[in-house]
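Hello,

Here is the structure I promised to pass on to you. Have a look at it first, and then read on for what turned up.

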Amino acid sequence: MKHIIALLIENEPGALSRVVALFSARGYNIESLTVAPTEDPSLSRMTIVTTGSDEVIEQITKHLNRLIEVVKVVDLTEGNYTERELMLIKVRAVGKEREEMKRTADIFRGRIIDVTEKTYTIELTGDSSKLDAFIDSIDRASILETVRTGTSGIGRGERILRV
């Protein structure tokens with residue numbers, strides 16, 4: 001089962017590598033990882049997407065809480081949350097493909113951010129399944145390059161991750 005784990009971590013050199021080393025040493029897989037400073041410059045927020053049973057996720061959470069740099073850990077999938085991912089995808093767009101690619105981007109609420117005579121670069125945001133659906137809806141041979149940020153998530157309503 002997919003879990004989105006959000007944590008606050010001290011914004012200092014080596015903190016990210018210690019979290020990644022914890023996963024690696026115990027054989028846990030990280031499907032995606034995003035990290036950036038918060039409104040408090042001394043803290044960063046990290047979002048980790050991983051899979052595992054409830055017992056495995058509980059072990060991961062306990063191990064993360066033992067790291068000195070980790071301030072707080074929350075499994076967002078235990079409650080209501082919103083997730084988003086950003087994808088930039090460069091596609092071939094020549095001749096009649098051009099209008100079809102623009103129409104497909106519009107259907108998925110994508111934005112064409114760069115245009116050349118032979119390509120479009122499209123920006124899409126949404127959950128992972130929406131981005132996967134866009135890729136599945138176009139001819140794979142037309143995909144020239146794909147860049148994805150990984151999942152960022154936040155609790156819904158009054159649910160916040162704070163010290």
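**What was found**

Buried residues account for 37% of the 163 residues in the chain. Please keep in mind that this is a predicted model.

Let me start with the chain as a whole. There are four helices and nine strands, and along the sequence they come in the pattern β-α-β-β-α-β-β-α-β-β-α-β-β. If you want to set up a box, the C-alpha atoms fill one of roughly 60 × 35 × 35 Å along the principal axes. Of the contacts with a separation of 6 or more, 74% are between residues 24 or more positions apart.

Four strands make up an open sheet with antiparallel pairing, in the order β2-β3-β1-β4. Which strands stand at the edges? They are β2 (32-37) and β4 (70-75); each has a single partner strand, so one side of each is left without a neighbour in the sheet. On average, neighbouring strands in this sheet are turned by 15° against each other, with direction ignored.

Two helices pack on this sheet. Helix α1, residues 15-25, touches β1, β2, β3 (43-51) and β4, and its direction makes about 20° with that of β3. Helix α2, residues 54-66, touches β1, β3 and β4; here the angle is about 5°, taken against the direction of β1.

The pairing of β1 with β4 can be followed in more detail. Strand β1 covers residues 2-10 and runs antiparallel to β4, with five bridges joining the two. Within this pairing, Ile9 stands opposite Val70 in β4.

Where is Arg109 found? It lies in the loop between α3 (96-107) and β6 (111-115). Is Arg109 buried or exposed? With a relative accessible area of 75%, Arg109 is exposed, as the cut-off for that is over 50%.

Best wishes

Note on methods. Residues numbered from 1 in each chain as written. Predicted model: local features only at pLDDT ≥ 70, side-chain atom pairs only at ≥ 80, totals over all residues. Heavy atoms only, no water. Buried < 20%, exposed > 50% of the residue type's maximum accessible area, 1.4 Å probe, protein only. Contact = heavy atoms within 4.5 Å. Pairing = 2+ DSSP bridges. Axes fitted to C-alpha atoms, helices over the stretch in contact; angles between N-to-C directions.
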